[in-house]
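Hello,

Here is the structure I promised to pass on. Have a look at it first, and my notes on its rings follow below.

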Amino acid sequence: MDETFQAITIYVDADACPVKAEIYRVAARHGLKVFVVSNSFFQVPQDPLIERVVVSSGFDAADDWIAERAGRGAIVITADIPLASRCVKAGAEVIGPTGKPFTQASIGMALATRNLMEDLRAMGEVTGGPKAFSPKDRSAFLSALDVAINRLKRAGFGAASP
């Protein structure tokens with residue numbers, strides 16, 4: 001089997017992602033390739049395993065770039081529930097920045113809740129956004145990322161080729 005097919009790859013939906021530094025540290029420790037995807041320029045560490053991808057400013061361009069590449073052996077970090085759904089369906093491990101894993105079992109309810117909240121906001125019933133990101137969320141994220149990496153390693157995936 002082709003070794004690059006076996007590599008664990010992390011895709012980061014970088015716009016407003018509060019855990020990029022944590023992703024870089026964990027990926028370096030495990031030797032994993034990271035694609036940090038956004039529709040605007042931003043800094044990433046100078047590391048051959050970390051690649052910045054700037055896509056066009058078109059609607060959902062970053063989501064489309066990630067979804068086209070996500071599959072078995074990939075870990076996608078996103079708070080975007082429609083993107084999470086696309087990636088789960090493709091076989092990727094998907095984690096929200098708060099550590100919430102999106103799975104086949106949970107994605108349907110997450111989409112339904114998102115759509116309900118969107119409707120309530122449109123009617124003026126709900127005016128607040130999500131709760132503030134906390135140290136507990138950061139810790140939960142690190143734990144969920146570790147679980148996903150170890151699950152993929154047990155399934156035969158590994159570090160990127162040097």
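K33 lies over the face of F35, at 5.2 Å from the ring centre; a charge sits over a ring if NZ of Lys or CZ of Arg is within 6 Å of the ring centre and within 35 degrees of the ring normal. The charged end of R69 is likewise placed over the ring of W65, 3.8 Å from its centre.

Please keep in mind that this is a predicted model, where local features need pLDDT of at least 70 and side-chain atom pairs count only at pLDDT 80 or more, while totals for chains, interfaces and linings use all residues. Residues are numbered from 1 along each chain as its sequence is written, and side-chain values use heavy atoms, with hydrogens and water left out.

Now to the ring pairs. The structure holds 3 aromatic pairs (rings of Phe, Tyr and Trp, the last by its six-membered ring, with centres within 6.5 Å; planes under 30 degrees apart are stacked, over 60 edge-to-face, the rest tilted). Y11 and W65 have ring centres 6.1 Å apart and planes at 65°, so this pair is edge-to-face. Y11 belongs to strand β1 (residues 9-13) and W65 to helix α3 (residues 61-69), so the pair ties together parts 54 residues apart in sequence. Helices (H or I, at least four residues) and strands (E, at least two) are DSSP runs, numbered from the N terminus.

Both Y11 and W65 are buried (under 20% relative accessible area, with exposed over 50% and partly exposed in between; 1.4 Å probe, protein chains only). F35 and W65 form a tilted pair, 5.6 Å centre to centre with 50° between the planes.

Best wishes
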